[in-house]
Amino acid sequence: MMYKNYLWWQKNVIYQIYPRSFNDSDGDGIGDLQGIIKKLDYLNDLGIVGVWISPIYPSPMADFGYDVSDYTGIHEMFGDMKDFDELLKEIHKRDMKLILDLVPNHSSDKHPWFIESKSSKNNPKRDWYIWKDPAPDGGPPNNWLSVFGGSGWEYDEATGQYYYHAFLKEQPDLNWRNPEVQNAMLNVMKFWLEKGVDGFRVDVMWHMIKDAKLRDDPPNPDHNEKLNSYSRHIPAYSTDQDEVHDIVRKMRKVVDSYKERLLIGEIYLPISKLVRYYGEDNKGAHLPFNFQLLQLPWEASKIEAAINEYEGALPPEGWPNWVLGNHDKSRIATRVGKEQAKVAAMLLLTLRGTPTVYYGDELGMEDVDIPEDKIQDPQALNEPGVGQSRDPERTPMQWDDSENAGFTTGEPWLPLMKNFREVNVKKQWDEEGSMLHFHRRLLHLRNKEPALHVGDHLPVYTENNLLSYMRSYNDKLFLIILNLKNSEENFTPGFFWKGEVKLSTHPEFEGKEMEGALRIKGDLGLLIEVIVNEYT
Ligand code: NOJ
Ligand code: MG
């Protein structure tokens, strides 16, 4: 494909902002839109183009914005529509793109649609949600569970029926089999697209349609008491139904009626099922999020197999993508350790496909221990002990070494990481060897070299803790060697090569010429430009 035919979201990096925690402009301890605007130059200078912001709509905040009570408004905590328009303008002024979070599977129970739906059995909006009569014994209609613990069904005394909620009872699931619901949500998409928004990240896309017959989910033989209660079942009937692909196609059609807009789907499924979300003829989601790096053990052989499986499973026109962190999972620096975090960044930013960087990971931010009385996440509060808290990865961004790391002049909504005086943007920006400095240079190199952002992926066979591959485009070839352990390993490729290290987790290697077999020390990542001549 000609270089100019690649789209912005294929060539560039996406950065996820969790708006409550990015930057607070008004001292209420919670991040906001004006706060984000102030940091756009930072993102731009870092080399970021796509900015995805987690939900900013009016919401009772039962699930911190993933419970929307007005799909076309702005929560006053974050600002107002004027602030939003300014944000969009400022983003576009910098040739950057804005991706909004769309939460179509469920609304808040305070959304006027649900209030109406709940008001009586014959309200015109009754069928906008999933209402069912009790089972003969008076219990819930079937065995479907809530991801956040307990039954997925909530009984409503007044009308004598249950409604289904895959998440909190404050997040009733919309009935996507109802064409009125489909229209309403497609109109929401149009509203934002008309404003000029560049795309959506669609929340829990694989949940959107459930089995029409409401069949019970089968038991999960691998469940044990240490796991959350949701994993008692395999959600075979409550998620990932064939009909979901018709819905995704409709969403894509709306997105495609505007120029160069992007549709991302949040989907936690094995690769074989995930790739179906690209849709027939590639008319589904542009990027069904690939979460393998969030889930796999940090082992070279497993990750290598996953890369190859993914590359092999992609449909012909399907564009790959990789995610290393998000607001629902433990931070990468905590999962793999500080030393490996640079190796992980090099992996994320040199693999073929669009990478998503979670805010703060560019600094090496870690999960923060939250004292019990400060826990905010409903996932943890609902199922104490087993429900994993997501607060640790949602703590305020660390901008400088002033009080509250420059995030707020007030009381931050979640405690800051204790080491923010060492780990912050101001200190690390120009500091050789720091995580941020490394990220910045890696992003710039990636942006500059077509081989690194649109080039082919060529696996290189290694049999130990090393992970290696090449990226090539036209006459440029890069070799990436990553040591995923802290012990030394031998790199013994089955071919001869010679090249120069362009970037490394360890700056002392940069500029060095290397060739053939190598000893690779622990935690080392090398990005090498291979000299291409008649022998290569
Ligand atoms: C996925 C979101 O990423 C998560 O934060 C949220 O709690 C659930 N969807 C429910 O909307
Ligand atoms: Mg604020």
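Helices and strands are taken here as DSSP runs, a helix being a run of at least four residues (H or I) and a strand a run of at least two (E), numbered from the N terminus. The structure described is a predicted model. By this assignment, the protein chain contains 16 helices and 19 strands. The radius of gyration of the chain is 24 Å, close to the 24 Å given by the globule rule for 536 residues, so the chain is as compact as a globular protein of that length. Along the principal axes, the C-alpha atoms occupy a box of roughly 75 × 50 × 50 Å.

Burial and contacts were then considered for the chain as a whole. Of the 536 residues, 62% count as buried. Contacts between residues at least 6 apart in sequence were also examined, and 67% of these join residues at least 24 apart. The accessible surface amounts to about 21,500 Å², and carbon and sulfur atoms account for 48% of that area. With regard to charge, the chain carries 61 positive and 85 negative side chains, and the centres of the two sets are separated by 3 Å.

Several loop residues were examined individually. G522 is located in the loop that runs between strand 18 and strand 19. Its relative accessibility is 14%, and G522 thus counts as buried. Leaving aside neighbours within four places in sequence, the residues in contact with G522 are N483, K485, N486, S487, E488 and H506. G522 and L466 are 56 residues apart in sequence, while their C-alpha atoms lie 9.7 Å apart in space. D523 lies in the loop between strand 18 (518-520) and strand 19 (525-530). The phi angle of D523 is near 60 degrees, which is a positive value in a residue other than glycine. D523 is buried, with a relative accessible area of 11%.

A positive phi value is also found at A405, where the angle is near 55 degrees in a residue other than glycine. A405 belongs to the loop between helix 13 (378-382) and helix 14 (425-428). At 0% relative accessibility, this alanine counts as buried.

H106 is situated in the loop between strand 3 (97-102) and helix 5 (112-119). With a relative accessibility of 1%, H106 counts as buried. When neighbours within four places in sequence are left aside, H106 is in contact with Y66, Y71, F167, Q171, P172, D173, L174, D203 and V204. H106 and W176 are 70 residues apart along the chain, and a distance of 9.8 Å separates their C-alpha atoms.

Note on methods: Residues numbered from 1 in each chain as written. Chains lettered and ligands numbered in written order. Predicted model: local features only at pLDDT ≥ 70, side-chain atom pairs only at ≥ 80, totals over all residues. Heavy atoms only, no water. Rg over C-alpha atoms; globule rule 2.2 N^0.38 Å. Buried < 20%, exposed > 50% of the residue type's maximum accessible area, 1.4 Å probe, protein only. Contact = heavy atoms within 4.5 Å. Areas by Shrake-Rupley, 256 points an atom, 1.4 Å probe, with all protein chains shown as cover. Lys, Arg positive; Asp, Glu negative; His and termini not counted. Charge placed at Lys NZ, Arg CZ, Asp CG, Glu CD.
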